[in-house]
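Dear colleague,

Please find below the structure that I am handing over to you. My findings follow it, arranged by topic for reading alongside the model.

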Amino acid sequence: MSNLDLKPTPTVCGGRGDISAQPVHELLTGRVVPLGESTVVRRLLPNLGRRMVGAWCFVDHYGPDDIADQPGMQVAPHPHMGLQTVSWLHDGEVLHRDSLGSLQTVRPRELGLMTSGRAISHSEESPRPHARLLHGAQLWVALPDAHRHVAPAFEHHADLPVLNGGNGLRATVILGSLDGAASPGTAYTPLVGADLALAAGTDTRLPLDRDFEYAVLAMSGTTVVDGVPVEAGSMLYLGCGRTELPLRADVDSGLMLLGGEPFEERIVMWWNFVGRTNEDIAQAREAWMTGDRFGEVHGYDGPPIPAPELPPVPLKPRGRVR
Ligand code: MN
């Protein structure tokens, strides 16, 4: 997924200032952003007043959309730096190509995990033919300074650990770990991404880590999360300091749980890049526009996406630093 804003605004994230040390309820709605010609996504992170949850720094939710007579997702080659992308589907499929030569179809409840490290480029498309429905989420994880220059990599994991407590809740661990179960995906900070499927009538509690901050993204149905009804397409930020999370659903419902140790480094996020300084971002933009550093994606039917203009004001990390 590419940030296709024509005028992306720089976002300064991370640091201790935004993090709620105590449990809170902060209901976030998505901003509708066009993705290509025929699809829109709802952007939950970064959001007004809430930029990160642990190392999770970008969350788009899309669908369910009927794409039977449409091209569906068509995101031409574009670069990434300083982050990992997580592709997670509930319906449909996405064909991933990247500058390492990866060619992989990602299907529902399979992890497509791309570590950009210092530089990678990729494209994402609905294959032809494709399923009628497309529904999923695209998420980014910021890499910590010690690992943000690692070699790029792509991982596909179709066999993820599932926690099935027999209480109506089925939790698939996408990245990081939850209640002792760890995803095979490579993670660089303590975090969790999990898919929570709740059968109608579920009323349970999910064990959490007191030191993590958390949010849930509602994918389908309505789940009552710690007393707050969260409808599909919205997100509830939960803060830190929780050892468990009460979950209740009257109808079959789906959530994504996102959490992690608060990300204390200040980062600068612009377009598809995460850096630390204005210069990092400007150099990455220049490298992409001159065909340097990010490699080439082969096989996508269309030209790469040009970088937008940088804003005239330098992007500087600001705010409280602990
Ligand atoms: Mn992308």
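D226 sits in the loop between β20 (222-225) and β21 (228-231). Its phi angle is near 50°, a positive value in a residue other than glycine. Please bear in mind throughout that this is a predicted model.

R293 also has a positive phi, near 70°, and is likewise not a glycine. R293 belongs to the segment after α1 and counts as partly exposed, at 39% relative accessibility.

E309 lies in the segment after α1 (278-289) as well. Is E309 buried or exposed? With a relative accessibility of 66%, E309 counts as exposed, because the cut-off for that class is over 50%. Apart from neighbours within four places in sequence, E309 is in contact with W270 and R285. Between E309 and A282 there are 10.0 Å in space, C-alpha to C-alpha, although they are 27 residues apart in sequence.

Turning to the chain as a whole, it has 1 helix and 26 strands. The radius of gyration is 19 Å, close to the 20 Å that the globule rule gives for 322 residues, so the chain is as compact as a globular protein of that length. The C-alpha trace spans about 55 × 50 × 30 Å along its principal axes. Of the 322 residues, 56% count as buried. Among contacts between residues at least 6 apart in sequence, 74% join residues at least 24 apart.

Next comes the interior. In soluble globular proteins, nonpolar side chains tend to be buried together. The largest nonpolar core here holds 38 residues, and those touching the most other members are W56, V59, V86, L139, L217, M235 and M256. Strand β12 (residues 133-142) gives the most to this core, with 5 residues. A second, separate core of 26 residues includes V41, A76, A284 and W288. Returning to M256, the residues it touches beyond four places in sequence include W88, A137, L139, I174 and L217.

Finally, two peptide bonds deserve mention. A cis bond joins L45 and P46, with omega about -10°; P46 is in the loop between β4 (39-45) and β5 (56-66). The bond from R128 to P129 is also cis, with omega near -5°, and P129 is found in the loop between β11 (120-125) and β12.

Yours sincerely

Notes: Residues are numbered from 1 along each chain as its sequence is written. This is a predicted model: local features need pLDDT of at least 70, side-chain atom pairs count only at pLDDT 80 or more; totals for chains, interfaces and linings use all residues. Side-chain values use heavy atoms; hydrogens and water are left out. Helices (H or I, at least four residues) and strands (E, at least two) are DSSP runs, numbered from the N terminus. The radius of gyration is taken over C-alpha atoms; the globule rule is 2.2 Å times the number of residues to the power 0.38. Buried means under 20% relative accessible area, exposed over 50%, partly exposed in between (1.4 Å probe, protein chains only). Contact means heavy atoms within 4.5 Å. A nonpolar core is a set of buried Ala, Val, Leu, Ile, Met, Phe, Trp, Tyr and Cys residues joined through side-chain atoms within 4.5 Å.
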